Amino acid sequence: MLRPWKLELEIDKNLDKAVYLQIADSIITDIRSGRLKAGDALPGSRNMAATLKINRNTVVEAYQVLINEEWVISKERKGIFISDKLHVLNEKSKEKTPVQSDRGVQQHGAIINFDDGHPDSKIAPVNELARAYRQIFSIKAKWQMMGYGNEHGETEFRKMISKMLNHQRGMQIDENEISITRGSQMAMFLTAQSLLAPDDYIIVEDPGYKPAWQAFEYAGAQLVPAPVDKEGICIESVEKLLNQNKNIKAIYITPHRQYPTTVTLSLARRLRLVELSNQYNITIIEDDYDNEFHFGYRPILPLSSFPELNNYVYIGTLSKVVAPALRIGYLATKDQKLLEKIGNLRKIIDVHGDVIMEHAVLQLIKEGAVKKHIKKATIHYKNKRDFVYELLTQYMKEVADFVLPEGGLAFWIVPKAKLDWDTVTALLLEKNIKIIHPKQYSHHPVNGFRLSYGALPEEQLEQSIKTISMVFTKLSK
């Protein structure tokens, strides 16, 4: 059959994007531009492969993508034809300009974004926070509000944070051992700059949280990765590293719900880690990024609550509790010399925190609004977690492994087959689904990804999980 169009496809085998996706996207571009119209026939796979000097299976794969996405239809014994259902889409494409994605793929429609595990902004107590902010601003004398405050934050606010840590997380801390920061990442940066020096080493979980790693590396420290299994960071590996390297200054961990795998550090390993920290005089930097949202009997107490632990920095945040845009974090430590360094550095880069916002949040805590919101949010996220677990069980149990997390806002999904994640992320992005590439968790290949559910509505979660399952199934063959 005579094909009514001249083949003009450019293939670059040096691109990260798979060749079959380059072919499929070129054809989609021609369909959208109107160059290819409904009913037009595509070249046979053998002719296409010969023209492009590639394997025929690559062309077959490209055509299969087009068929799956309904751009083309296959007619038995006749060939591949542009779908006759695209005339409406072609009219709309003239009215709207496609959005260019960060991978150079044309996107049409809203992106469903699986983030790190952000909370649902729709249930945040924004009105209550705005009311408290206005009240504090009007009640406080201007000379109080507009002057410089303490570099570690307002005393009353630090007292409230210390009370919360002592009553809810088993710690023994007072306001003079706390520093308020603009989010937990600032707390991480201040800790790294004040604790670590060039030629120091720090043990980190692998896979782990790269923004923290970047803060440590910026301070000049070298990362020493330790593997993670179903009980958290592997203590035997930690002990071996400590024996081998006398310049290890600290260890960074997310023990409550390990990032990104969501596993909880077992009690036996917690106890041993406290012993090793004391024995080798290293500081435990404990990132407890989502302590509040726990669906079991109670959250696991931090390592920093162990009275035997000598050296620690405990880092937390209120961003997930009150509102995502609220940039209030904190750190706690018994090391007064370290806290003094942190305060001095804080004065250089920020002088002091947001005094008005600290008072506003303090008022919400005293009124019980924060406690009420946490209770409401915990029920909301537990119901959503259970909904996602049902979806995963229904659509993905044959292609991936996962467990029901006791808290937090994400699942860790491990495909049963080893997948090419460049291809996975590209295929999903073609369908307007964006996940965090596993390379963001480690310098080594990781065969798993973090499926966050907190900020996405149920219909998008169901649509996405079905699509992810289809992609996993396709690439597992």
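This is a predicted model: local features need pLDDT of at least 70, side-chain atom pairs count only at pLDDT 80 or more; totals for chains, interfaces and linings use all residues.

Student: Let's begin with the whole chain. How many helices and strands are there in the protein chain?

Tutor: The protein chain has 16 helices and 17 strands. Of its 477 residues, 54% are buried.

Student: What share of the contacts with a separation of 6 or more comes from residues 24 or more positions apart?

Tutor: Such residues account for 72% of those contacts. For one example of positions that are separated in sequence, look at Glu10 and Leu52, which are 42 residues apart in sequence and 8.5 Å apart in space, C-alpha to C-alpha. Glu10 belongs to the segment before α1.

Student: Is Glu10 buried or exposed?

Tutor: Its relative accessible area is 73%, so Glu10 is exposed.

Student: Now helices. How do I describe two that pack together?

Tutor: Two packed helices are described by the angle between their axes and by the distance between the axes.

Student: Which residues of α1 and α15 meet?

Tutor: From α1 come Tyr20, Leu21 and Asp25, and they meet Thr423, Ala426, Leu427 and Glu430 of α15. Sorted by class, this contact holds 4 nonpolar, 1 polar and 2 charged residues.

Student: Next, the rings. How many aromatic pairs are there?

Tutor: The count comes to 13 aromatic pairs. To read a pair, look at the distance between the ring centres and the angle between the planes. Phe189 and Tyr218 form a tilted pair, with 5.9 Å centre to centre and 45° between the planes. Phe189 lies in helix α8 (residues 184–195) and Tyr218 in helix α9 (residues 210–218), so this pair ties together parts that are 29 residues apart in sequence.

Student: How accessible are Phe189 and Tyr218?

Tutor: Phe189 has 27% relative accessibility and therefore counts as partly exposed. Tyr218, at 64%, counts as exposed. Now turn to Trp421 and Phe472: their ring centres are 5.8 Å apart and their planes are at 85°, so the pair is edge-to-face. Trp421 lies in helix α15 and Phe472 in helix α16 (residues 458–476), so the pair ties together parts that are 51 residues apart in sequence. Both Trp421 and Phe472 are buried.

Student: Which residues form one aromatic cluster?

Tutor: Find Tyr209, Tyr259, Tyr289, Trp412 and Tyr441, which form one such cluster.

Student: Last, the backbone. What should I look for there?

Tutor: Most residues other than glycine have a negative phi, and most peptide bonds are trans. The peptide bond from Asp206 to Pro207 is cis, with omega near 10°, and Pro207 sits in the loop between β7 (201–206) and α9. Another cis bond runs from Tyr259 to Pro260, again with omega near 10°. Pro260 is in the loop between β10 (248–253) and α11.

Student: And where does a positive phi turn up in a residue other than glycine?

Tutor: One case is Asp199, with phi near 80°, in the loop between α8 and β7. Asn432 also has a positive phi, near 65°, and lies in the loop between α15 and β16 (433–434).

Student: Are Asp199 and Asn432 buried or exposed?

Tutor: Asp199 has a relative accessible area of 56%, so Asp199 is exposed. Asn432, at 14% relative accessibility, counts as buried.

Notes:
Residues are numbered from 1 along each chain as its sequence is written. Side-chain values use heavy atoms; hydrogens and water are left out. Contact means heavy atoms within 4.5 Å. Helices (H or I, at least four residues) and strands (E, at least two) are DSSP runs, numbered from the N terminus. Ala, Val, Leu, Ile, Met, Phe, Trp, Tyr, Cys and Pro count as nonpolar, Asp, Glu, Lys and Arg as charged, and the others, Gly among them, as polar. Rings of Phe, Tyr and Trp (its six-membered ring) pair if their centres lie within 6.5 Å; planes under 30 degrees apart count as stacked, over 60 as edge-to-face and the rest as tilted. Buried means under 20% relative accessible area, exposed over 50%, partly exposed in between (1.4 Å probe, protein chains only).
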